[in-house]
Number of protein chains: 2
Amino acid sequence: MTLEQVFKDIDASYEKYKSILAEAVAIESVSGDPTRRPQTIKMVNWVKERLEKLGVRCTLQDLGKHTVDGKELPLPPVLFGQLGDSKSKKTVLVYGHLDVQPAAKVDGWETEPFVLTERDGKLFGRGSTDDKGPVLCWLHAIEMLQKHKIDIPVNIKFCFEAMEESGSLGLAELLEKNKNAFLAGVDFVCISDSYWLGTTKPCLTHGLRGLATFKIEVTGIQQDLHSGVYGGVVHEPLQDLIWIMAQLTSVENRILIPGIYDDVAPMSKEEHQLYEKIDFNVAEFRDSVGAKKLPTEDKKTLLIRRWREPCLSLHGIEGAFSGAGEKTVIPSKVIGKFSIRLVPNMKPEKVNKIVIDYLNELWKKRGSPNTFNPRLGHDALPWVADTNEANFKAGARAVKQVHGVEPDLIREGCSIPITLTFQDLTGKSVLLLPLGAADDMAHSQNEKFNKSNYVQGVKILLSYLLELGKA
Amino acid sequence: MTLEQVFKDIDASYEKYKSILAEAVAIESVSGDPTRRPQTIKMVNWVKERLEKLGVRCTLQDLGKHTVDGKELPLPPVLFGQLGDSKSKKTVLVYGHLDVQPAAKVDGWETEPFVLTERDGKLFGRGSTDDKGPVLCWLHAIEMLQKHKIDIPVNIKFCFEAMEESGSLGLAELLEKNKNAFLAGVDFVCISDSYWLGTTKPCLTHGLRGLATFKIEVTGIQQDLHSGVYGGVVHEPLQDLIWIMAQLTSVENRILIPGIYDDVAPMSKEEHQLYEKIDFNVAEFRDSVGAKKLPTEDKKTLLIRRWREPCLSLHGIEGAFSGAGEKTVIPSKVIGKFSIRLVPNMKPEKVNKIVIDYLNELWKKRGSPNTFNPRLGHDALPWVADTNEANFKAGARAVKQVHGVEPDLIREGCSIPITLTFQDLTGKSVLLLPLGAADDMAHSQNEKFNKSNYVQGVKILLSYLLELGKA
């Protein structure tokens, strides 16, 4: 039995895979919707039964309850599973999530979001690419190896949760408690919950930015005032706030806070070369954003800014008039919101300090008698992995076997906090192995998973398991 | 029969006046609430019947219908009335409104808003001071003159509307059509729909600021973007907008737009003296606003800034994140809102031009590739009256007869557009003769009309009518 023959069998199994994904999509596991909590829990059990059929020993990890709108709700349990426990084999931990974002046809879907619908080689449905399709790729890959009696050269542990779209409530604590239990003996971690950089070329993801959010509150009058009666004779909190917010970034979207770039890790020669090789079309990206011009249109500089440099975005103002039309009011209490994306080797504590210091310095310069209260919201650390680790090498070989090309080594500008949790608790390499394409529209209307990405995804994960055995 | 005896009869009539005001307050004439349109129309008819009992010839002026939330609603008619048409007498036109702002106990009222309740010499109820109480003062004054067989030395015309709290829909057009009909032959106009500067000293109002509202729209990306994925590589519309908005005012709330103060009317020596005489406590004002410090705490400068200088207030931003909590989004289309209060001799067309020119100049300096669209919302002219006119002199004598003091001559910082309409269409003097106190809380919770202001208000209007006869 050659790998080629197994791959042919995977191609031939597409209709079966599709019907299984359709079953999964039909379970409306919207974790953010309290009325769909039963379906969200059902989805965990549905996967548990399928894993058990493959011989995986499963347990449900109870996370207790949480309160939503004053009502207590059971949290969906986390599904732990284990397939194989050979002392002579290494162990890979696979993470995925079984819950989805909300979706409704009226939001602008062209098909029913919870009815998987194939059109032009695309499988439309909520959760098709995020993350039910990739989770099923693991199950199909294992089933196929078993069917063809191919020894799986690694032990596999599964950690599937169903609260990812709602902040992964309770997961980090559960994993911490299991550092020396379920997580013990793990050699590699693999997460398939991100996307290719484009629509045609596969990639491996080795970095994520962190985040620090900030709030600036300005108060000074006891209630909103009529701007006709009081205009001109009060220090308006909103004028102060906007003056401060205007001094955080340049027109080219560079951060004006002194020292903010100081700790950004220098780029090695290898990293420079990496960026040069990446397949990325700036014009296509600019058009997809709908911008006339970008602050930089040099491919390398643009990717560096997206992935390995900090950035500051203004999000809005709470407390000011935000409706349509007109309201001639002087708002009394306004809160500006902005956030900074962090990259190695920035330290959140230091970022917090220099940001708050800068804000306080601006405030002093402003000289307003109003009350100023800048504060940190929350923060998350950046993550970057060593792509020379065996885990990445196995992933790269698997991709090459299926697609015939070396995957691009990319980063993401956003945060996936669980990545760092796994790395910290296991001390081992975490590989982000995306199966979906950049245009899959996760979280948005008309989410889809390409037929080809689904089938190739099964092949990549199967191949990855085999390659890990050689690591 | 001396005026003193008539005034005693007015004092003795308080309980009757109170019960009539209670009847008026009980009619929930909330013009902004479509479900209360029948009560709003009922209120017009209720006043019509009372006027007719006094011998006033009344007509209802139909204004047709308007559409609210897709539903057609009849507009309340405007009540025109006339008492006396002697060729040898001059004619005063009295304006008032019969509709009220919304009110509900749950908003924080200590009493039922539509049940007039007396506590500590205050009559609490929606519409008590704005404007049902003052309207009834006219009716009581006329009744008292008739009861004591005192000739009313002027013809009186009434214009009572019931859409004032909802933009006076249709009124200006109706009055324009009646320029040479109902409005013909009017010699004086009197409006009792504003408030004293403080709580103890009566005043006459001779100026109002105008208004010009502006919107600045910045767009540049086709939809809201995830700040992790796109942060740092797009020109954020909100960063551009806030940079522009930060350059409109100084920390001391002075306008930074070149030329904006150029057309402000110079102050005469008399006007300077007027401001010196006005009874106004800056510390009390500052405390009522809840501010630690005001841009100026000099009485005269403060009042000048409130009433006869332009000011610019920032109101807020449409399209940015405005909720509580965090949302790490890059908004795609943001609209900044601000307004400028106008004073004589500023011309809205010129203000509009210099504001838009300044904004465009800033935008050019910004150098952003995003799309910028600054535009005027709407404008209203300022108004200022000659306090040497017979109308004001009669008002001042009436106040002195009742309160024993010369009224302060004040202005208001806000706009009452109907004032200018009456002045333009009649070409005659308009007097704003406030009867309520500064703390009456019009539009707010616990609106009230002091017992003393109610009773003294009847006396002032009675005396004003008599004084007009001497003009």
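**Overview**

Between chain A and chain B the count of salt bridges is zero, a salt bridge being a side-chain nitrogen of Lys or Arg within 4 Å of a carboxyl oxygen of Asp or Glu. This is a predicted model, in which local features need pLDDT of at least 70, side-chain atom pairs count only at pLDDT 80 or more, and totals for chains, interfaces and linings use all residues. Side-chain values use heavy atoms, without hydrogens and water; residues are numbered from 1 along each chain as its sequence is written, and chains are lettered from A and ligands numbered from 1 in the order in which they are written.

**The interface of chain A and chain B**

- Chain A brings 78 residues to the contact and chain B brings 78 residues, where contact means heavy atoms within 4.5 Å.
- About 6,100 Å² is buried between chain A and chain B, and carbon and sulfur atoms give 53% of that area. Buried area is the accessible area (1.4 Å probe) that two parts lose on being put together, summed over both.
- Within chain A, the residues that lose the most area to chain B are V233(A), V251(A) and H315(A), which together account for 11% of what that side buries.
- Across this interface, 47 residue pairs are in polar contact, both residues being at pLDDT 80 or more. A polar contact is a pair of N or O atoms within 3.5 Å; within protein, one must be able to donate a hydrogen and the other to accept it, and residues adjacent in sequence count only if both atoms are side-chain atoms.
- Strand β13 (residues 311–318) of chain A supplies eight residues, the largest share of the side of chain A that touches chain B. Helices (H or I, at least four residues) and strands (E, at least two) are DSSP runs, numbered from the N terminus.
- That side of chain A divides into 31 nonpolar, 31 polar and 16 charged residues. Here Ala, Val, Leu, Ile, Met, Phe, Trp, Tyr, Cys and Pro count as nonpolar, Asp, Glu, Lys and Arg as charged, and the others, Gly among them, as polar.

**Helix α1 of chain A**

- In helix α1 (residues 3–12) of chain A, the buried residues are V6(A), F7(A), D9(A) and I10(A). Buried means under 20% relative accessible area, exposed over 50%, and partly exposed in between (1.4 Å probe, protein chains only).
- These buried residues line one face of the helix, because they fall within an arc of 155 degrees when seen down the axis of α1(A). The arc is that of the directions from the helix axis to the C-beta atoms.
- On the other side of α1(A), the exposed residues are E4(A), K8(A) and A12(A).
- The cover over the buried residues of α1(A) includes α2 (14–26), α4 (128–147), α12 (390–403) and α14 (451–470) of chain A.

**Two residues and their surroundings**

- K448(A) belongs to strand β20 (residues 448–450) of chain A and is buried, with a relative accessible area of 3%.
- The side chain of K448(A) makes polar contacts with the side chain of D439(A) at 2.8 Å and with that of D440(A) at 2.8 Å.
- Apart from neighbours within four places in sequence, the residues in contact with K448(A) include K122(A), F124(A), S128(A) and A437(A).
- Q401(B) lies in helix α12 (residues 390–403) of chain B and is partly exposed at 36% relative accessibility.
- A polar contact of 2.7 Å links the side chains of Q401(B) and E467(B).
- Q401(B) and S463(B) are 62 residues apart along the chain, while their C-alpha atoms are separated by 7.6 Å.

**Salt bridges**

- Over all chains the count comes to 60 salt bridges.
- In the salt bridge of K201(A) with D408(A), the closest N and O atoms are 2.9 Å apart.
- K201(A) is in the loop between β9 (188–191) and β10 (203–208) of chain A and D408(A) is in strand β18 (residues 408–412) of chain A, so the pair ties together parts that are 207 residues apart in sequence.
- K201(A) is partly exposed at 24%, whereas D408(A) is buried at 6%.
- E15(B) and K18(B) form a salt bridge (3.9 Å, N to O); both lie in helix α2 (residues 14–26) of chain B, three residues apart, about one turn of the helix.
- E28(B) and R36(B) form a salt bridge with their closest N and O atoms 2.8 Å apart.
- In chain A, salt bridges that share partners join E15(A), K18(A) and E118(A) into one network.
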